[in-house]
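Here are my notes on the strand pairing. Please read them against the coordinates.

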Amino acid sequence: MKRSLISLNLALVLGLSFAQLRPQSPPSIESTRPYCPTGSDLIAFWSYRDENYEIYVMEVNGSNQTNLTNHSDFDSWPVWSPNGSQIAFTSYRDGNGEIYVMNADGSEPRNLTNHPATDELAVWAPDGRWIVFASDRDGSMDVYSLRIETGEVSRLSETSSHDWAPSWGR
Ligand SMILES: [Ca+2]
Ligand SMILES: [Ca+2]
């Protein structure tokens with residue numbers, strides 16, 4: 001993996017973790033994420049319409065809105081795998097933020113991080129083999145990579161400030 005490909009677009013950071021941003025009341029605007037990369041005209045997004053955040057997909061015209069997560073805890077921030085077959089997301093269903101991956105139809109969700117610290121905001125590498133995410137497992141929020149095949153995690157940023165919300169360059 002070329003670190004140079006990673007744009008550590010570290011979020012504006014006010015010392016708040018994603019968990020702390022969880023709203024106490026439903027937001028007025030539903031957050032959206034990009035189109036499915038396979039050109040299937042699907043859009044993934046997260047919504048509070050069920051009184052807890054769930055990940056949905058819908059057609060580009062807004063039809064066929066489908067709840068993929070159906071879990072009582074916080075599920076958010078969906079990102080398509082490069083081939084469109086899977087969706088990574090952040091979930092608090094295990095009591096702390098974890099990076100999950102599920103099939104694009106919502107089946108077979110699995111916890112990739114499985115760590116007691118906060119792990120959140122996954123993005124896929126363009127080759128589909130890596131996920132980059134933010135975690136506070138070493139004391140402050142930093143950016144980490146995870147090799148999906150092996151589960152190997154590497155720390156990419158090492159600062160005492162809040163490094164967050166990475167994205168990949170092309
Ligand atoms: Ca949920
Ligand atoms: Ca965790």
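1. Conventions. This is a predicted model; local features need pLDDT of at least 70, side-chain atom pairs count only at pLDDT 80 or more, and totals for chains, interfaces and linings use all residues. Residues are numbered from 1 along each chain as its sequence is written, while chains are lettered from A and ligands numbered from 1 in the order in which they are written.

2. Strands E7 and E8. Strand E7 (residues 86–91) runs antiparallel to strand E8 (residues 98–103), with six bridges between them. Strands here are DSSP E runs of at least two residues, numbered from the N terminus. Two strands count as paired if DSSP finds at least two bridges between them. Ile87 has Met102 in E8 as its bridge partner. The two strands form a hairpin with six residues between them, and Gly95 in the turn has a positive phi of about 95°.

3. Strands E8 and E9. E8 also pairs antiparallel with strand E9 (residues 110–111), through two bridges. Tyr100 is bridged to Asn111 in E9. Six residues separate the strands of this hairpin, where Gly106 takes a positive phi near 90°.

4. The four-stranded sheet. The order is E10-E11-E12-E13; the sheet is open and its pairing antiparallel. Strand E10 (119–124) and strand E13 (153–155) are at the edges with a single partner strand each, so one side of each has no neighbour in the sheet. Neighbouring strands are turned by 30° against each other on average, direction ignored; axes are lines fitted to C-alpha atoms.

5. Strand E11 (residues 130–135) and strand E12 (residues 142–147) run antiparallel and share six bridges. Ala134 has Val143 in E12 as its bridge partner.

How values were computed. Axes fitted to C-alpha atoms, helices over the stretch in contact; angles between N-to-C directions.
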